[in-house]
Amino acid sequence: MAVVRATPADPTPGMLPEAPGEGGDQRAMPPELGSNALAVLSGPTFMYSNPSGDVPPGSIGGLVHLDTRLISGWTLTVNGGELLMLRAETIDHYSAQYVLGNPELPDLPPNSLGLRRLRYVGDGFHERVELASFRPELVRVELRLAVAADFADLFEVKSVVRDRSAEIVRNHAADGSELCFSYQHGDFSAQTRVCCSIPADRIEGDELVWDLHLRPRQEWKVDLHVPLPSGMGVVEPVRGDIADVIHRRADDPLRRWTEERAVLRCDNQALERTVRQSRDDLSALRLDLEVKGQRIMLPGAGLPWFLTVFGRDTLITAYQTLVAGPALAKGALLALARLQGDRCDDFTDEEPGKILHEVRSGELTRTGAKPYGPYYGTADATQLWLILLSEYWRWTGDDETVQHLRDNALAALRWIDEYGDRDGDGYVEYATRSPEGLGNQCWRDSPDGVCFADGRIPVLPLATSDLQGYTYDAKLRLAELFDGPLDNPALALRLRDEAGTLHERFNRDFWIEDRGGYYAVALDGDKNQVDAKTSNMGHLLWSGIVPPERADAVVRQLMSPDMFSGWGIRTLSREENLYNALGYHLGTVWPHDNSIAVLGLARYGYRAEANRIGLAMFDAAEQFGHRLPEALSGYPRDRLLFAVPYPTACSPQAWAAGAPLALVRAMLGLDPQQGRLAVDPDIPAELGRVTADRLRAFGQEWGLEAVGTRGHVWLQPS
């Protein structure tokens with residue numbers, strides 16, 4: 001009988017997961033709510049609804065807090081009729097306004113009522129419903145809010161929700177002032193309370209009903225409040241009257257935080273607005289943690305499904321944003337070090353020294369059905385942690401923090417050599433041991449994200465090219481730290497020797513001479529070259545593992561029409577059999593992926609190519625309200641004329657929000673060098689003059705001005 005071998009599509013043959021598995025390619029927005037669905041978010045909390053502000057039961061919208069859906073239905077009707085959306089917009093990331101009218105109803109002509117819903121997420125979920133009658137006579141109105149609470153785990157919301165109705169206890173207030181839903185399963189418990197400023201005239205099932213009699217032009221309003229429990233990542237919230245929050249009259253801790261960040265100005269308003277949007281989105285996605293008594297900030301990965309601590313996403317975002325200040329990088333380093341693996345656990349893929357992939361706090365994790373408390377199934381976060389540690393030190397000169405993290409750095413190095421290199425061949429490989437584990441544990445983490453040119457899925461374990469580039473860079477950077485604040489020159493010498501050996505072997509084993517010359521995306525479990533052309537080659541430029549004599553060939557591949565769509569570099573070349581302009585890692589264009597490639601191109605001196613990608617990204621952002629989505633479809637720009645988002649792209653998404661900052665850094669040639677900032681600009685003529693204030697490096701603030709290839713920096717008064 002033939003032995004079934006593990007592949008990323010079936011990573012543990014013969015082992016059945018306890019719950020539906022989770023791949024990298026998942027619904028990232030509620031399609032049932034429409035393409036113009038709106039979300040308000042704050043830290044690990046979001047409310048996703050349709051454009052009228054409703055959450056129809058059975059959709060995958062709702063109020064989610066700390067990975068548990070507290071509200072699964074939230075529908076407002078007037079006299080039994082659904083409301084008509086006139087316009088709805090988010091005001092800030094945590095607030096939104098919906099302007100509505102009524103349809104034609106018995107005894108109520110259309111647009112007889114003006115309705116407005118104001119909502120925000122802060123110290124709870126708040127909504128105000130306002131009505132105004134435009135009829136010349138007295139109008140009888142039944143206003144009804146239907147509420148549902150299913151307490152689904154976020155993983156279930158993305159797949160199949162278990163019916164908990166028999167276990168949900170209702171304790172609604174007899175006076176109509178509150179709905180209360182409670183649920184408990186073992187040690188896990190959750191509660192949803194909907195509190196009313198004006199008690200409902202009656203409660204029917206799980207519906208609040210107000211019987212109103214409105215005189216001509218009379219206005220009426222009710223405030224609704226859903227309290228939220230505290231927990232990991234909950235930021236200092238905005239508080240205040242709903243109207244004051246909407247009109248920005250309330251004190252906003254987040255606004256104070258963003259006002260302290262670096263400011264960029266440019267003759268090109270589109271670039272300036274894109275960078276400002278990135279700053280606001282990164283502020284919205286930040287998580288507030290306490291690690292060993294120290295309050296730290298770090299970016300969550302993205303709305304709606306990834307508002308939590310990640311390894312890879314958080315680290316890359318922190319790297320991208322160091323140009324704007326070190327706070328997020330320091331927070332990421334400290335938080336991930338605190339949760340660094342210290343034992344072997346097959347279910348969670350934990351190993352000593354390994355940096356985690358993802359942390360969750362919902363019921364499935366807390367009851368042990370899912371391995372996310374935390375889950376360690378990533379083969380690149382450990383190297384990326386070391387790279388960020390080095391880059392943080394280069395920007396700050398913060399010897400104290402680096403020395404504090406010395407043991408974590410040594411543990412990460414041991415993981416690379418002892419656990420990451422599974423078979424002793426000098427390469428970092430991955431293969432999950434968990435029935436709930438991810439098949440691909442690189443950034444291309446969908447089941448078919450790593451494939452052969454002919455479409456075959458390789459056998460595990462896989463040694464992908466990006467992992468080797470990261471490892472090479474991490475060892476050289478760690479050598480620099482051991483020559484400096486970590487003070488171990490002998491170890492530094494050894495690390496440089498190991499990096500040199502890896503460089504030589506990698507360029508022998510991964511290089512393919514055919515089709516113009518390029519790097520394989522991976523070596524499979526039989527050490528065969530997985531020969532698809534992918535955007536991973538841009539990561540290799542970023543890491544510096546490409547010899548100068550091969551850089552031309554790599555750049556030609558990345559900028560060829562089969563890989564460069566006109567908006568950016570595709571994840572997979574159009575030459576390959578599995579190419580799909582709408583495939584998650586099979587031909588889409590990812591802004592973060594492109595920002596890494598741009599930094600790599602600039603590193604090797606290909607500034608014109610880097611600028612071509614950067615300008616394309618800024619053009620794309622302008623089409624989406626100056627916000628880059630998680631991924632764009634791979635359709636050619638010269639054919640469709642406008643950018644098309646990947647169908648279920650997260651937005652905002654942290655490393656997409658960080659991409660414009662990395663692109664600007666590459667254009668400016670901005671680099672920290674021995675206690676000062678150096679600038680080597682190559683600013684495209686389309687952008688004109690670029691200036692920046694409050695750039696943070698080495699504990700000081702810097703100003704910058706650049707035009708074309710001329711630029712200078714200066715210290716600003718403290």
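Buried means under 20% relative accessible area, exposed means over 50%, and partly exposed lies in between, with a 1.4 Å probe and protein chains only. By that rule His 626 is buried, with a relative accessible area of 16%.

This is a predicted model, in which local features need pLDDT of at least 70, side-chain atom pairs count only at pLDDT 80 or more, and totals for chains, interfaces and linings use all residues. Residues are numbered from 1 along each chain as its sequence is written, and side-chain values use heavy atoms, with hydrogens and water left out.

**Backbone exceptions**

Most residues other than glycine have a negative phi, and most peptide bonds are trans. His 626 is not a glycine, yet has a positive phi of about 70°. His 626 sits in the loop between helix 16 (607-622) and helix 17 (637-640). Helices are DSSP runs of H or I with at least four residues, strands are runs of E with at least two, and both are numbered from the N terminus. Leu 641 also has a positive phi, of about 75°, and is not a glycine. Its place is the loop between helix 17 and helix 18. Leu 641 is exposed, with a relative accessible area of 66%.

|---|---|---|
| Gly 373 to Pro 374 | near 0° | between helix 7 (363-366) and helix 8 (381-396) |
| Leu 460 to Pro 461 | near -5° | between helix 10 (406-420) and strand 21 (463-464) |

**Helix 15 and its partners**

Helix 15 (residues 591-603) meets helix 18 (residues 654-668): their axes come within 8 Å and cross at roughly 20°. Axes are lines fitted to C-alpha atoms, for helices over the stretch in contact, and angles run from 0 to 180 degrees between N-to-C directions. Helix 15 and helix 18 are therefore roughly parallel. Angles under 35 degrees count as roughly parallel, over 145 as roughly antiparallel, 65 to 115 as roughly perpendicular, and the rest as oblique. The crossing of helix 15 and helix 18 is left-handed: the near helix is turned anticlockwise from the far one by less than a right angle. Among the contact residues are Val 598 and Leu 599 of helix 15, and Trp 655 and Leu 663 of helix 18. Contact means heavy atoms within 4.5 Å. The residues of this contact divide into 10 nonpolar, 2 polar and 1 charged. Ala, Val, Leu, Ile, Met, Phe, Trp, Tyr, Cys and Pro count as nonpolar, Asp, Glu, Lys and Arg as charged, and the others, Gly among them, as polar.

Helix 13 (residues 536-543) packs on helix 15 at an angle of about 45°, with the axes 7 Å apart. That makes helix 13 oblique to helix 15. Their crossing is left-handed.

**Nonpolar cores**

A nonpolar core is a set of buried Ala, Val, Leu, Ile, Met, Phe, Trp, Tyr and Cys residues joined through side-chain atoms within 4.5 Å. The largest has 150 residues, and those with the most contacts inside it include Trp 385, Leu 668 and Leu 670. Helix 18 gives the most to this core, with 11 residues. Leaving aside neighbours within four places in sequence, Leu 670 is in contact with residues including Val 323, Trp 395 and Leu 704. Apart from this core lies another, of 48 residues, among them Met 47 and Phe 188.
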